[in-house]
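Dear colleague,

Please find the structure below, handed over for your own work.

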Amino acid sequence: MIRQPAILKNVKYQLETIPVYDAWASDATCPLCTLMDAAEHRHVNYYLGNSVMNPETRVLVNETGFCSRHFPMMREAGYAHHLGLVGHTHLQTVRGKMAGKLKSLSRRASAKAAVEFSSAVRSQAVECLICRSMERDLKRYSYTAVMMYGNEDEFRGLFEESPGPCLIHAADLADMAVETLKKNEMQYFLAALAGHLDSALEELEADVLRFTQKFDTQNDGMEWGNSRDAHARTVQALSGRVVRLKD
Ligand SMILES: [Zn+2]
Ligand SMILES: [Zn+2]
């Protein structure tokens, strides 16, 4: 049974106790990578679902759109009709924004016009509703993990046993501890996080070295140990994204 942590002053984020606990209780390479992977798929499906018919959401989609990671993921999700509807009105909006830049590029054909055009294209391409939603999810999950670490013995045990978090999500947890914890709680969490991460990464480095050594026939007799998927776990530890572990 998970106790709800005591309500603290100035709570900025909503607690997501159950999914965060479950992620750390699983054998995830990084619990936050797993939570964010699920969140990402949820948002991709949301923007292809009935939200397409919601005028307010549609205005947001038309104006902001999706980044070069998430728009292709929407294509792969397979809701062709809804993708076409979203794509059509978003393209209309983007064309409207680019019209002046294209006209000036054509008329002036100058270096300045080219810079104005390319920076407008690039700033549009990095805007993304799914990234924005995921940033909010990550704040809530990180906040919950940091709170539970201080309040739940059971969660603290799971945290210490987990091979995660990955390096990227450890940075998010460190930032969250600084943002939301009192000084002595923050120091306790940061020192524990650093110690845990240091030994987890040391172990990963030994595993991935063993993985490379197994390609040498001289080492045929050597045990794989925990190194069969160490190449994949190294990618995840350094990238902050769930990767396929099995070849
Ligand atoms: Zn991670
Ligand atoms: Zn995105």
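The second largest pocket is lined by 17 residues, and Met 36, Met 134, His 169, Gly 240 and Arg 241 are the ones nearest its centre. Helix H2 (31-46), helix H7 (129-151) and helix H9 (167-180) are the elements that each give two or more residues to this lining. Helices here are DSSP runs (H or I, at least four residues), numbered from the N terminus, while strands are E runs of at least two. A pocket is defined on a 1 Å grid over the protein atoms alone, as an open set of points where a 1.4 Å probe fits, with protein on both sides within 12 Å along at least five of seven lines; lining residues have an atom within 4 Å of a point.

This is a predicted model: local features need pLDDT of at least 70, side-chain atom pairs count only at pLDDT 80 or more, and totals for chains, interfaces and linings use all residues. Residues are numbered from 1 along each chain as its sequence is written, chains are lettered from A and ligands numbered from 1 in the order in which they are written, and side-chain values use heavy atoms, with hydrogens and water left out.

The volume of the second largest pocket is about 300 Å³, a volume being the space filled by probe spheres set on the points, with grid points joined across faces, edges and corners. Its lining divides into seven nonpolar, four polar and six charged residues. In this scheme Ala, Val, Leu, Ile, Met, Phe, Trp, Tyr, Cys and Pro count as nonpolar, Asp, Glu, Lys and Arg as charged, and the others, Gly among them, as polar. At least three residues of that lining come from each of domain 1 (17-35 + 132-239) and domain 2 (40-131); the bounds derive from an automatic or database domain assignment.

The largest pocket has a volume of about 410 Å³. Its lining comprises 23 residues, with Thr 29, Ser 162, Pro 163, Gly 164 and Arg 233 nearest the centre. Helix H8 (153-161), helix H10 (183-213) and helix H11 (230-239) each supply at least two of the lining residues, and H10 gives the most, with six. By class, this lining has eleven nonpolar, five polar and seven charged residues.

As to the domains, the C-alpha centres of domain 1 and domain 2 lie 34 Å apart. Six residues of domain 1 are in contact with eleven of domain 2, contact meaning heavy atoms within 4.5 Å. The two domains bury about 680 Å² between them, 36% of it on carbon and sulfur atoms. On the domain 1 side, Arg 132, Ser 133 and Met 134 lose the most area, together 78% of what that side buries. Buried area is the accessible area (1.4 Å probe) that two parts lose on being put together, summed over both.

One salt bridge is counted between the domains, the term requiring a side-chain nitrogen of Lys or Arg within 4 Å of a carboxyl oxygen of Asp or Glu. Glu 127 forms a salt bridge with Arg 132, with the closest N and O atoms 2.7 Å apart. Another links Arg 156 to Asp 153, at 3.0 Å between the closest N and O atoms; both residues lie in helix H8, three residues apart, about one turn of the helix.

Two backbone features remain. Most residues other than glycine have a negative phi, and most peptide bonds are trans. Gly 164 and Pro 165, however, are joined by a cis peptide bond, with omega about 5°, and Pro 165 is in the loop between H8 and H9. Ala 109 has a positive phi of about 45° although it is not a glycine; its place is the loop between helix H5 (80-108) and helix H6 (111-126).

With kind regards
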